[in-house]
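Welcome! Please take a moment to look over the sequence and the 3D view, then read on for a short tour in two stops.

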Amino acid sequence: MKKTVAFCTLGCKVNQYETDAMRGSFEAEGYEVKEFSQEASVYVINTCTVTNMADRKSRQMMHRAKKKNPDGIIVAVGCYVQAAKEQLEEDTLIDLVIGNNMKSQVVQIVEQYIQDNRHTEDRDAYVADIAHSHEYETMHIETVSEHTRAYIKIQDGCNQFCTYCIIPFARGRVRSRTMDDVLNEVSMLAGSGCQEVVLTGIHLSSYGVDLGTSLIELIQAVHEVDGITRIRLGSLEPGIVTPEFAHTLSALPKVCPHFHLSLQSGCDTVLKRMNRRYTSDEFEKKCQILREEFDQPALTTDVIVGFPGETETEYATTVDFLTRVGLYETHIFKYSRRQG
């Protein structure tokens with residue numbers, strides 16, 4: 001039987017990078033990549049668990065794949081698997097469950113499953129104890145979903161533990177990719193025609209804290225790679241924006257002046273309950289720092305509406321804050337109630 005594989009990616013740009021890496025691993029083993037809407041012998045669903053809606057959509061995609069090919073091997077990987085391992089193991093429509101920090105082994109796991117006549121009794125082996133993992137999972141890409149732009153994962157995990165967020169439990173603690181490994185991948189992609197890189201991570205601002213380096217040092221190094229003409233950054237925590245950080249970036253012409261600073265609320269009492277480590281005034285000052293160094297930068301943000309206990313007054317405070325600060329774009333989400 002011809003070996004074919006199809007992918008469905010939910011959630012963030014880190015997931016997109018990891019899907020690109022998994023796609024390359026399957027192709028190296030002789031698999032032909034199909035569209036997710038087509039029939040394939042293996043379906044890989046790279047799941048998300050950032051909201052209840054993401055959980056539901058992840059389950060829907062798994063079941064949709066099984067309907068497309070009842071004989072296909074359904075492989076659930078990623079954050080939802082990590083957070084809901086027991087629930088997914090009970091779902092008889094799913095053949096394999098593979099958590100985070102084990103995506104690099106997906107082809108070997110699938111091949112072993114086929115070799116064992118599609119029977120395995122210990123699916124727990126494929127969900128690592130992410131809370132105690134300190135090793136960055138090495139994955140690489142050689143081709144990208146877009147022709148001239150590549151998402152480059154440089155960091156995984158988060159140490160912040162905001163009260164609304166499940167991600168530290170699904171992704172574990174901060175783990176950074178070595179600068180040499182990042183630069184080797186960027187150089188290889190530039191050599192194959194890629195002109196733009198987007199540096200991404202689960203908590204991008206924490207890059208390098210475990211390696212004795214920093215995000216700004218990596219950006220400067222990527223800036224020197226021949227063939228790369230544009231550098232974009234994923235979501236940043238407001239705390240990383242200092243006058244020195246902004247001034248250094250403004251001196252790098254390849255850096256695109258688009259900065260996504262996570263706000264979540266413009267009201268200090270809500271920010272405190274969220275365990276966000278800044279005030280609305282501090283956030284506004286960070287925006288001003290960037291506007292002083294860049295000519296009309298595009299500043300974007302995320303806001304959660306309906307956080308537990310949020311009053312009409314607190315909500316109005318956030319509306320007033322956003323009106324005053326005047327951001328280019330705002331992603332607004334309804335609070336997602338969930339276990340834990």
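In this predicted model, four strands form an open sheet in the order β7-β6-β8-β9, and their pairing is mixed. In general, the strands of a sheet pair through backbone hydrogen bonds, in either a parallel or an antiparallel way. With that in mind, let's walk through the sheet and then visit a pocket.

**The sheet and its helix**

- The edges of the sheet are β7 (175-176) and β9 (230-233), each of which pairs on one side only.
- Look next at β6 (residues 149-156) and β8 (residues 196-201): these two strands run parallel to each other and are linked by six bridges.

- How much space lies in the second largest pocket? The volume there is about 540 Å³.
- A total of 21 residues line this pocket, and those nearest its centre are A83, I166, R338, Q339 and G340.
- Helices α2 (52-68) and α3 (79-83) each contribute at least two residues to the lining.
- Of the elements in the lining, α2 gives the most, namely three residues.
- Sorted by class, the lining holds 11 nonpolar, seven polar and three charged residues.

Conventions. Residues numbered from 1 in each chain as written. Predicted model: local features only at pLDDT ≥ 70, side-chain atom pairs only at ≥ 80, totals over all residues. Heavy atoms only, no water. Pairing = 2+ DSSP bridges. 1 Å grid on protein atoms, 1.4 Å probe; cavity = no way out; pocket = protein on both sides within 12 Å on 5 of 7 lines; lining within 4 Å. Points joined across faces, edges and corners; volume = space filled by probe spheres on them. Nonpolar A, V, L, I, M, F, W, Y, C, P; charged D, E, K, R; others polar.
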